[in-house]
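Let's take a walk through a protein structure together, one contact at a time. Keep the picture open beside you as you read.

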Amino acid sequence: MMSMTMAYQQKLGEKLLILNDRGLGVLLRMNYIKKTCLDPKLRPQCLTDKNMESSVKYINKKFPNIDFRGNSQHLTCVQRQKSEVLLNLSSYYESFIDVMEFRDHVYELLNTIDACQCFFNIAVNFDFTKNYMELIVTYTSVIIMLSRIDDKKVLVGMYNCAHEMSNGSSDPAYPRLAQMLMEYEQPMKKLTEEFGPHTKAVTEALLSLQMLYPRRNLPAEQWRGAQLLSILSAPAAMLDPTPCDTMACEYLSVEVMERWILLGFLLCHSSLNTNQSSQDLWKMALRSGLYVTIVRDEIINIHKVTEDYFDGLKGYSKRVADIKECREHAIANCGAMHRERRSFLRHALKELVKILEDEPGLLGPKALFVFMALSFSRDEVLWLVRHSDNIPKTKTPEDYVDSQMAELLFYMERLRYLVTKYHPVMQRYHVLYLAKFDTLLLNDNIQNMYVCPEEESVLMSSFVSTLSELTIEQVKNGAEFDLRAVRLDWLRLQAYTSVSKAPLSLKDYPDLAKIMNMTQFHTKMLDNIQEMLHETSDLSILCFYPRVFEKMFSLSSEDVSMQRYLMSFPQLCSHFSQCGHPLCPEETEAVEKRSLRLCVTFLEEIGRQTSSIILDICAEQCNLNDQLLPKHCGQTISAARNKKQKKPAPKKGEVKKEKPGAESQRKDRAVVTSMDKMHLTLTELCSCFSENSEFIVFNHIVTPTEFLISQLEARLTKIIVKMAHYNQTTQEIGRPSDLLAGIRAYTASLHTLSRYLRLDVTRLVKNVLLQQTQPLDSYGNQTITTIYTNWYLESLLRQASNALIIHCPTMHCFVNQTTDSEQSFKAEEYSDIAELQALAELIGPYGLKFLSENLMWHITSQVGELKKLVTENMDVLVQMRANFDKPEAMSNLQKRLPDGENVLKRMTIIGVILSFRAMAQDSLEDVMKKHCPYLIGPIESLRDLVCPDTDIKVTMSVFELASAAGLACDIDPALVTAIASMRSDNTSVDQEYKLTCLLLVYVAVSLPTLALDPNSFYSREYGGHSNNIHCLSTAVNQLAAAMFTVQNKNIEQHLKEFLMVASSTLLQLGQNVENRVDTKNRDSIYLLLHMIVEASPFLSQDMLESCFPYVLLRNAYREVYKAFVITLG
């Protein structure tokens, strides 16, 4: 009765639960302290401070008896920084005290259990036995981890010194704590001494595994022969519940059992020499692997540790020999055995997943199969992780590497997903099972008991009453179940009925144990499904083996057949949030960062691979599309023409060029092309994206397709720029139309992605192309807008400024001047209507605005130089403006006016630039009308409503809107803005106005000098002059309109004045009969006046006729056209 009273009062079951949880927290803190002390970035400051070095050495040497009074010179720094030391080391010191207190509680509980003479049998009192063994292993792990902290003496000793210096006395716990640290310098020796009295109980618990562990530790051939985990092996029994007397034992981790056996027999080794069963069980576990996990990535080489300890004991030479034999066996056979197990499990889990996806109702009767499959798979994954990070010297190292791990992980994740998704299905099944079967069976069993004490009777009656109250309506109504009290009561009952001389001994009632163990499993299916998943399939250990985890991913990503399963790697990162503990919150932040880093790394790599294969397919399609472009049809036309004219066929040595489309002709379907391989790879990679649209990692919602979109966006941006073929050195660049055709081919190929996965390709393409309309993309790199802007300015317009390229109004393009030197490019191939429309399609209104801003910068630089010339010759220009109708005075003043050619040259450059801009604007208008006519119509109407009487601010706002859409305006708003920005604080409005008026006079009086240039001849073919002086019409009109708008003056009035001065000056040119050189290109120069009037919205032909005879214009046109030779055919 004494033992029963003790069992009731001591609450053995509750203490086991609490101490196991506490022990896990203490273990994690020891691991955290070890990692912190080894990391230079996290190491306590008092241990890294150079001034503290002497103190650290002294404390290490004198620990635990540190005399800080007699050796104050060694501890001066500690004295000086005692407050900081106490603050920084308090958490470490308290953690070591936690270890000591945990040890005291474990001692007490183990002694109490021994005093009660409890019996342990994993098949009977499963929870009691499991918690007992877990407490022993956890305690052992804590002590081993404590011994691995190299700085523990310094941390404890320095804290105590600072405490004594601050408070005048040592910390009360210091003597016992220091003693504990000294005792566990050699942890195995001390631990085996401590567990000597507990050998009987530990051995009994371990030997209860001799029926379970060998059955679970079978090779894959026997699993395959028994059709393990197969629902289809017995079709007739498919709907029957899984028959099992030991439900919880079936999904108990083999890794856990091996840890119990190996550490348990190491602590209680005496039974190995006295009990053959113990020895057989121990040797079987030794043959299963080389390493045992302590915590996280901390492991021990169990053979080496056990051998080293047994070497120092008498009578253990045979056990040492057994250890060596088992180690050799493990090295030779373990890798292959576990490789075969993983292969079996891949196929078994695949079958299980496919069946349950098709018939989720089977999750009810076959729930045990699911958790067995998860537990078996988890054991194999953890075994590989432990051993692949510490591969032994073996002839078959490939056994410790698995390139197909992705498939196993994938099916584990699918099973977890199915269990979570169809949990209501499992609840419906098991609530009926509990209420209609388990309750009745349990009640019958209780009724047949001979003896049932009051305490046990109350517990068992509560089981029956609680379970009988369960109804299917609760599931239908979405009620939350909470049966933790039932499971805790069952643990209590196990504790009460496991003590010696108990009136109701559980081992005498094995049927009760079987029923209750089965019932407990069924209750977990109602309210504890997430904890069950965590227990059987949690792989958070991978967070602490990042190198192994990344290597697994790398190997799987190289295997095409595994690529569809790659998403399981980032999904596994969602497990890592479950590995924390309240006693070690500091670890959570580091785990979160590592989890997110790994998750992002995997997703970026999957995205990179997928985007690479997508863009490779796009590139291939772009090449095929390129073959269909008109520029490649010349050879085909030539061959057809030769055939029609019956010209001799090509020689035998010449290879006949295949026509586009020949690549699609197949003679044998078995022949796999590179495109076939790429599509297969794409299908596999896209499959992994379609499995899960999003998942959560540490409260972060992760959407895998966003990583793919990000990768595609970055790579497509680079490809588009690369497709422009821009060479800054040679100034070579691809035609805009070719680039546009390539982008369209890429876009068409990208849209086929919708066949594989849900991806917003339209958004992706819009984002990429919108970035290309800006000077720099989101990564700070140059875009095609910048590239084409630079090229048109530096190559085409620079040569046009030097008259090497001519602006051709008749063909609406620029053409190359006929010269002896070879031209690097044909201007018309980059500036005709089709090319500029393609440019407008590519860079859009934003890009053309950027182009315009750069053009305006060049114009303002020319205007600045023109203003300087006007300022230098202001006096002469003022006189010429006043005397323009006096030929003799003008003739004299003309001789005093230098730099007329320079002025016209700069005005011509401005005209060329403005002509190019007008062409670009026209192309933009065409594109805008094509894409959004509903928008252009209202803008045109708004522009047409503007009249000279409209307020200038309103006018400019409307013109700015119209110009952005590509519409031509009477006043160029971009030029107005550029001119306005030139004004400095030093010049007044009147000065600017005067300079503008005189600039027009300067241009007008300089026009006759153009007749001296032989290139000033008008070409009917081009519709302009060979030196581009016809662009003066655009320059004069646009520049005058902009400058007078800025100064708020009447544009028409001043252009009339310009027309009068120019007419007068040119008429004087016609009267100069003596000097025939002046009149060589006179007729071509006359046409300039007509061009200026035609290009101006402010001047009319009537105004021109009032100051320049029309007959002269008519004769001039006749003369220049007479020189043009017309050819027909």
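R881 is partly exposed, since its relative accessible area is 28%. In this predicted model, R881 forms a salt bridge with E1057, and their closest N and O atoms are 2.6 Å apart.

Now look for R917, whose salt bridge with D972 brings the closest N and O atoms to 2.4 Å. Here R917 lies in helix α41 and D972 in the loop between α43 and α44 (973–982), so the pair links parts of the chain 55 residues apart. Elsewhere, salt bridges with shared partners join K34, K35, R148, D297 and E298 into one network.

The structure holds 57 salt bridges in total. One of them joins the side chains of E325 and R287, at 3.4 Å from N to O. E325 is in helix α19 (residues 317–358), while R287 is in the loop between α17 (276–286) and β1 (291–295), so this bridge ties together parts 38 residues apart in sequence. E325 is partly exposed at 35% relative accessibility, and R287 is partly exposed at 27%.

Let's return to helix α41, which spans residues 900–931 and contains S915. S915 is buried because its relative accessible area is 6%. Apart from neighbours within four places in sequence, S915 touches H807, C1031 and T1034.

How do helices sit against each other? Two packed helices are described by the angle between their axes and the distance between the axes. For α41 and α42, the angle is about 125 degrees and the axes are 6 Å apart, which means that α41 is oblique to α42. Among the residues making this contact are M928 and H931 of α41 and P933 and Y934 of α42.

Helices α15 (residues 254–267) and α18 (residues 302–311) pack at about 10 degrees, with axes 11 Å apart, so α15 is roughly parallel to α18. In α15, L262, L263 and L266 meet I302, V305, T306, Y309 and F310 of α18.

Finally, find L945 in the loop between α42 (933–944) and α43 (952–964). L945 counts as exposed because its relative accessibility is 66%. Together, L942, L945 and L961 make a nonpolar surface patch of about 290 Å².

Methods. Residues numbered from 1 in each chain as written. Predicted model: local features only at pLDDT ≥ 70, side-chain atom pairs only at ≥ 80, totals over all residues. Heavy atoms only, no water. Patch = residues over 30% accessible without salt bridge, like charges linked within 9 Å, V, L, I, M, F, W, Y side chains within 5 Å. Areas by Shrake-Rupley, 256 points an atom, 1.4 Å probe, with all protein chains shown as cover. Salt bridge = Lys/Arg side-chain N within 4 Å of Asp/Glu carboxyl O. Helix = DSSP H or I, 4+ residues; strand = E, 2+ residues; numbered from the N terminus. Buried < 20%, exposed > 50% of the residue type's maximum accessible area, 1.4 Å probe, protein only. Axes fitted to C-alpha atoms, helices over the stretch in contact; angles between N-to-C directions. Parallel < 35°, antiparallel > 145°, perpendicular 65-115°, else oblique. Contact = heavy atoms within 4.5 Å.
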